Amino acid sequence: MRSVDVCLTHQDFDNYDHEGKIVVVIDVLRATSTINTLLFLGADHVRPIGSLEECKSLKGDDYIIMAERLGKKVDGFDYGNSPTKLKEKDIRGKKVAIATSNGSKAIIKSEGSEKTILCSFLNLESVIDFINKSESDVILLCSGWLGKTNLEDTLCAGGIISGLDNFEIESDTALMAKALYDNTNNLLETMKLSSHAKRLSGYDNKIDIEFCSRVNTQPVLPILRERDIFLS
Ligand code: MLT
């Protein structure tokens with residue numbers, strides 16, 4: 001039987017053997033929600049970047065450059081990491097590079113997996129369908145916040161597990177994520193309790209929390225190929 005496991009922060013990912021497995025990167029607030037939105041709006045591809053310097057250097061290669069630190073847009077970049085501030089006319093057909101505090105780093109860390117796909121609540125069902133039809137074991141990689149576990153990524157991991165057919169739930173983290181999701185009645189109200197929702201609310205990004213809690217509103221599947229993320 002295939003197995004599903006949950007890694008609660010990307011800093012913990014070195015403890016997981018991901019060779020030959022599907023890795024699902026989750027950063028509900030907000031990197032995987034934002035990347036999903038970029039591709040949904042018609043971006044050609046999105047390149048996740050670890051450092052601000054490298055991200056900035058891609059401006060010369062015709063990339064839209066986006067960067068966030070501590071939840072805020074970084075000066076000198078075209079956008080921060082807010083999915084609600086993206087303008088479709090700027091994005092359609094464009095190459096986008098994005099450097100965020102945790103999510104873009106988690107995606108880069110997943111290199112070496114059989115496949116890396118991105119999940120948020122916006123595309124939850126598309127991810128579940130893909131996993132149910134595949135034949136490999138799965139690791140749900142929550143980005144977390146600067147090495148700490150967070151509520152919204154764990155909740156989304158639980159939502160994926162709840163939709164899986166015939167998977168062995170291998171670990172305590174997977175059991176915890178599923179229990180959290182199964183005992184949540186209202187996603188938005190629960191997400192609002194999270195530390196990152198509180199952080200973002202202080203920076204004019206309250207609207208992002210509601211946007212990122214919408215389930216299956218952007219039914220697409222972002223997949224990492226080499227260094228870039230495309231729609232499947
Ligand atoms: C991250 O990578 O930690 C984020 O997506 C932070 C944010 O912009 O909300």
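**Cysteines, then the ligand**

User: Is Cys 7 buried or exposed?
Analyst: Heads-up, this is a predicted model: local features need pLDDT of at least 70, side-chain atom pairs count only at pLDDT 80 or more, and totals for chains, interfaces and linings use all residues. Residues are numbered from 1 along each chain as its sequence is written, and side-chain values use heavy atoms, with hydrogens and water left out. Buried means under 20% relative accessible area, exposed over 50%, partly exposed in between (1.4 Å probe, protein chains only). Cys 7 has 0% relative accessible area, so Cys 7 is buried.

User: How many disulfides does the structure hold?
Analyst: A disulfide here is a pair of cysteine sulfur atoms within 2.5 Å. By that cut-off the count is 0. Cys 7 is in none, and the nearest cysteine sulfur, in Cys 142, is 7.4 Å away. So the number of disulfides in the structure is 0.

User: How far is the oxygen atom of the ligand from a polar side-chain atom of Asn 102?
Analyst: A polar contact is a pair of N or O atoms within 3.5 Å. The side chain of Asp 27 has an N or O atom 3.0 Å from a ligand oxygen, and for Asn 81 that value is 2.7 Å. For Asn 102, the distance is 2.6 Å.

Conventions: Polar contact = N/O pair within 3.5 Å; in protein donor to acceptor, adjacent residues only side chain to side chain.
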